[in-house]
Amino acid sequence: MTTHHEPTPRAPHQVLDGTDIARVVTRIAHEIVERAKGAEDVVLLGIHTRGVHLSRRLRDRLAQITGREIPLGTLDITMYRDDLRLKPARALEHTEIPPGGIDGKLVILVDDVLFSGRTIRAALDALSDIGRPRAVQLAVLVDRGHRELPIRADYVGKNLPTSLREAVQVRFADTDGVDAVLVGDRDYTARSSQALASQPTEPHLPE
């Protein structure tokens, strides 16, 4: 009788480090300024959670490039997700709209990873309840493919072909102690987040 062995899960490996992420943020910021003709009416909305961290970095880089303060807000899309009943309950985050609002503005949604597109669809629904922007664009650090909806990003840090058995994890120093993008098999047994925090130079995927 032949025994079937499952392939050994592939350990996570780093595809972007802190220097790479900083370079990507700078490039996206320059692309925004070019496409938005100076970014005078741009409003950034970071999608919780790591999209918020990325949007803050974009805001800071845009301010350095343009010499102006770029309005920044946050967007919680939890209650707009179409898979809300299929996932464990999660705490609601805070949606924060800049004082000038979003009506008539060029709103750039910011997220860390673009995957199926369902998060962005939920973000668009949430956005429609809080204002009417002139246009909406999307900036992401990583596009991993496997779209289920006709959504694409206007600004992409890195196109990263992946299989569905893989997980993409974005780490930011603000919360994780290190800037990195990692790819590894979903069923790989990772270190705990406490171990990761104690060894930030060797990041691993969470379970």
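**Close-up views of a predicted model**

**View 1. Ser55 and its partners away in sequence.** Ser55 makes contact (heavy atoms within 4.5 Å) with Leu44, Gly46, Leu72 and Val110, leaving aside residues up to four places away in sequence. The model shown here is predicted: local features need pLDDT of at least 70 and side-chain atom pairs count only at pLDDT 80 or more, while totals for chains, interfaces and linings use all residues. Residues are numbered from 1 along each chain as its sequence is written, and side-chain values use heavy atoms, with hydrogens and water left out. Ser55 belongs to helix α2, residues 50-66; helices (H or I, at least four residues) and strands (E, at least two) are DSSP runs, numbered from the N terminus. With a relative accessible area of 0%, Ser55 is buried; buried means under 20% relative accessible area, exposed over 50% and partly exposed in between, using a 1.4 Å probe and protein chains only. Look also for Ile108: its C-alpha atom is 9.3 Å from that of Ser55, although 53 residues separate the two along the chain.

**View 2. Helix α2 and what covers it.** The buried residues of α2 are Gly51, Val52, His53, Leu54, Ser55, Leu58, Arg59, Leu62 and Thr66. Their cover includes α1 (18-35), β2 (42-47), β3 (72-75), β4, β5 (135-143) and α4 (173-176). After α2 comes Gly67, with a positive phi near 75°.

**View 3. Asp111 in strand β4.** Strand β4 covers residues 106-114 and includes Asp111. Asp111 has a relative accessibility of 6%, so this residue counts as buried. Beyond four places in sequence, Asp111 touches Ile47, Gly51, Leu54, Thr119, Ile120, Ala139, Val140 and Leu141.

**View 4. A charge over a ring.** Arg144 sits over the face of Phe115, 4.1 Å from the ring centre. A charge is counted over a ring if NZ of Lys or CZ of Arg is within 6 Å of the ring centre and within 35 degrees of the ring normal.

**View 5. Confidence along the chain.** The protein chain has a mean pLDDT (the predictor's confidence in each residue, from 0 to 100) of 86, and 81% of its residues reach 70 or more. Please read two stretches with care. Over residues 189-198 pLDDT stays under 50, and the model has 12 contacts beyond four places in sequence for them. Residues 200-207 also stay under 50, with 29 such contacts in the model.
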